[in-house]
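Student: I'm new to this one and would like to go through it slowly. Can you show me the structure before we start?

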Amino acid sequence: MNAALLGLSPAPGAVYQLSTRCLVWEHQAVLLLEFARSRGLAPADLLAAAGFSSMPSLLSPQQLLDLLAALQAQLQAPDTAFVLGQLSLPGHAGLASHALAQARNGRQALELLAAHSARLSPLLTPRLLWHEDELLLIWTEACGVGAARRNFVVDMQMSAVTGLCQWLGGRRLPWRYSFNRSRPRDLSQHAVFLGADLQFDCQVDAMRVPAACLDEPWPRGVADSMAAQALAQGADPGAASRGLLAALYDHLLPRLREAPTLEQSAQAFGVSSATFKRHLAQHGTHFQAQLDQVRTHWALYLLLLQGQSHERVAQALGFHDRSNFRRSFKRWTGLVPSLLA
């Protein structure tokens, strides 16, 4: 299996968890406080609502989620996620943000975003799938967002990429959006910030755009960005870190044919099976759920984009026969594979 199909070149950085204090306060939290101030909220009140007694130099992904939850609760505004997204990229995350602001085109910008998501998108990991003349950008959890916050964070990140490409590229790209949720009653904010090409009840949260749009030069682009070169040379090792769930996805994808187990995966992460199970539970999930997610994504890719037979897909996913694959696929998606092919 070619893991590079989803932009999964091995990341040399460390693995961070939901409770790991790895996010620089000035990179993420300051943006939220300034946005709160612009909407008439006192930053001190927002911090108190999120459980902060002071402003630490580093915060954890969980604390960032707590800040987002407090902001969402206090504002009660339908556009919060989308406006925050537009403000978040290129952002203020040091070299990664500088490189993103100087990207020569959309292709390089998205590759930078995927490679340095620990700085630019620490809650959701963007995965790039180049297929023929189209790009698919698939969002997966970095280290556990939780059902209550997931839709908000997905909308925020989709708005961030949409706004980034429009601002730096000088025009709105013809993105198509897929959501792994039911259709909301009110789509007005999605229409304003994302557009009309929205599809719900999908198996993935994803964005699609013609690849040719991403190769057009951007007006502000720099051919040989010093920031991008410095990142490539490892000037900010933390930018290549992966959230625990993203790292597990990276580990499982190229090993699906061998039917990876919890024990094997725990060993790869250097911990016991019991410890690994506990870590996953702290992120609101378990090993089988993560394995099923990766299998679902890969099955959809092979069935819908590659047009492979059910037998070949079953083999690629580590199933001994088509019947077992068919039953599992229906459990994952509620559909039988024949309805897709």
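Student: Does Leu302 count as buried or exposed, and at what relative accessibility?

Tutor: Quick background: this is a predicted model, where local features need pLDDT of at least 70, side-chain atom pairs count only at pLDDT 80 or more, and totals for chains, interfaces and linings use all residues. Residues are numbered from 1 along each chain as its sequence is written, and side-chain values use heavy atoms, leaving out hydrogens and water. Buried means under 20% relative accessible area, exposed over 50%, and partly exposed in between, with a 1.4 Å probe and protein chains only. Leu302 therefore counts as buried, at 4%.

Student: Leaving aside neighbours within four places in sequence, which residues is Leu302 in contact with?

Tutor: Leu302 sits in helix α15, residues 287-305; helices here are DSSP runs of H or I with at least four residues, numbered from the N terminus. Val313 is eleven residues away in sequence, yet 6.5 Å from Leu302, C-alpha to C-alpha. Contact means heavy atoms within 4.5 Å. On that basis, with those close neighbours set aside, the partners of Leu302 are Gly307, Gln308, Val313, Ala316 and Leu317.

Student: Now for helix packing. At what angle do helix α1 and helix α4 pack?

Tutor: Axes are lines fitted to C-alpha atoms, for helices over the stretch in contact, and angles run from 0 to 180 degrees between N-to-C directions. The axes of α1 (residues 25-38) and α4 (residues 80-88) are 11 Å apart, and their angle is about 125°. Under 35 degrees is roughly parallel, over 145 roughly antiparallel, 65 to 115 roughly perpendicular and the rest oblique, so the word for α1 relative to α4 is oblique.

Student: How do α4 and α8 lie relative to each other?

Tutor: Their axes come within 7 Å and cross at roughly 40°, with α8 covering residues 147-169. Among the residues in contact are Phe82 in α4 and Met156 in α8. The two helices are therefore oblique.
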